Amino acid sequence: MSLLAGVLAHADATQAAEPQVPVLWDAKERLPKPDLSALPRLRFLTTTDFPPFNFLDGSGRLSGFHIDLARAICAELGVVDKCQVQALPWNELEDALQKGEGEAIIAGIAATPESREKYAFSRSYMQFPARFIMPKAKAFAEPILDKLRSKRVGVIGGSAHEKMLRDYFNTVQVVTFGTPENLYADLKAGKIDAAFGDGMRFAFWLGGSDAAGCCRFAGGPYLAPEYLGSGMAIATRKGDAALAAAFDYALQEISIKGTFAEFYLRYFPVSFF
C-alpha cells in the first residue's frame, strides 16, 4: 500500500466536519519570484465545455475554476493589465498556442511523456484521487484494506481504476460495469457493497439528486500517478519553460494564501479529497 503515492495525511476526509482541500505544494519550498515586466501580454487559452472548470454562465460569461485560477495567477505575477482568457474549441487549442495566439493553455491537459514532447508544463495544480463510495450506514474509515475483504466492489471495466483495484485491493470481489449509471444503480440497490473510481466524478454524483443522499466516501483518498496520471497542469510552448516556472511560483503563492482553497470549495462543494 505504500506505493499508493499519497494517501493523504487527512485521508479520513469523509469523517471530518469540514470539506478537505488538497494541498499539493510544500510551503517550506521557496520558489523564485519571476520578473515578467518584459512580457507583452499573457493570454490563457481554454474551452467553454468542461464544467465546473470552464463554462459559460447564465449571462454567457466565461466562468469556472480555471478562469478564476488564471486571473489569480495574473494577480500574483503582477500582470493583471496584460492578462486575457480566451475560449476556443478543444481541438484548436494546440494550434492556437503554437501560432502564438496565446501564451498558455489552462484546460485540463495532462502532463504525460507524449504531451511533454509538445509542451512545457507547470507543476500539477489539481490531482484526481481514486475513492471508494459506500452506503452511508456501512461506510468504512481507514484502515480499510482488511474491512473490504471479500466485499463486492464495483468498478468501470477496463479502466485504470479497475487495474488499481485488482493490484492493491486484491482481496475484494471485483464486479465490473460498462457504465457509471449501472454502477450507481447497483450500489443504491445493495447489489454491491462499494464502488471504486474517480473521486471527482463520485463527488458530483454524491452531491446530485440521483444519489438521493444514499452514500458517502469511504477510506482514501488514493493518489497513484502510475495508474491515474499526474493531474492537471498549465501548458506553454515547449521553449517557454521560464513561463511554466513562473506559473509554479504563482500557484504556490495561491495555495499558501488560501486562494486555491477558496476556489476549490466554491466549485467542488463535495470534496473528493
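**Entry: what I am looking at.** The model is predicted, so I noted that local features need pLDDT of at least 70 and that side-chain atom pairs count only at pLDDT 80 or more, while totals for chains, interfaces and linings use all residues. Residues are numbered from 1 along each chain as its sequence is written, and side-chain values use heavy atoms, with hydrogens and water left out.

**Entry: confidence.** I looked up the pLDDT, which is the predictor's confidence in each residue, from 0 to 100. The chain averages 91, and 93% of the residues score at least 70. Over residues 1–17 the pLDDT is below 50, although this stretch has 40 contacts in the model beyond near neighbours in sequence; a contact means heavy atoms within 4.5 Å.

**Entry: helix α1.** For burial I used relative accessible area, where buried means under 20%, exposed over 50%, and partly exposed in between (1.4 Å probe, protein chains only). Eleven of the 13 residues of α1 are buried, so the helix is largely enclosed by the rest of the structure. Among those buried residues are Phe65, His66, Asp68, Cys74 and Glu76. The elements that the buried residues of α1 pack against include β1 (42–46), β5 (83–87), α7 (241–256) and α8 (259–267).

**Entry: disulfides.** I took a disulfide to be a pair of cysteine sulfur atoms within 2.5 Å, and by this rule the count comes to two. Cys74 is joined to Cys83 with an S to S distance of 2.0 Å, and this link is right-handed, with 65 degrees about the S-S bond. Cys74 is buried at a relative accessible area of 1%, and Cys83 is buried at 19%. The other disulfide is formed by Cys214 and Cys215, whose sulfur atoms are 2.4 Å apart; the link of Cys214 and Cys215 is left-handed, with -100 degrees about the S-S bond. Cys214 is partly exposed, with a relative accessible area of 21%, whereas Cys215 counts as buried at 6%. With the bonded cysteines of the chain numbered in sequence order, the pairing reads 1-2, 3-4.

**Entry: strands.** I then turned to pairing, where two strands pair if DSSP finds at least two bridges between them. Strand β8 (residues 130–135) has six of its six residues buried, so it is largely enclosed by the rest of the structure. Four bridges join β8 to β11 (residues 194–198), and the two run antiparallel; five bridges join β8 to β12 (residues 215–222), also antiparallel. I followed Ile133 across both partners and found it opposite Ala195 in β11, with Phe217 as its bridge partner in β12. Elsewhere I found an open sheet of three strands in the order β2-β3-β4, with antiparallel pairing. Its edge strands are β2 (49–50) and β4, each of which pairs on one side only. Two bridges join β3 to β4, and Leu56 stands opposite Leu62 in β4.

**Entry: Thr236.** Is Thr236 buried or exposed? I found Thr236 in strand β13 (residues 235–237), buried with a relative accessible area of 0%. A polar atom of its side chain lies 3.3 Å from the backbone oxygen of Asp240. Not counting residues up to four places away in sequence, the residues that Thr236 touches include Leu97, Glu103, Tyr119, Leu243 and Phe247.

**Entry: Glu162.** I looked up Glu162 in helix α3 (residues 160–168), and at 13% relative accessibility it counts as buried. Leaving aside neighbours within four places in sequence, Glu162 is in contact with Val155, Ile156, Gly157 and Thr176. I also noted that the C-alpha atoms of Glu162 and Phe196 are separated by 8.0 Å, with the two residues 34 residues apart along the chain.

Conventions. A polar contact is a pair of N or O atoms within 3.5 Å; within protein, one must be able to donate a hydrogen and the other to accept it, and residues adjacent in sequence count only if both atoms are side-chain atoms.
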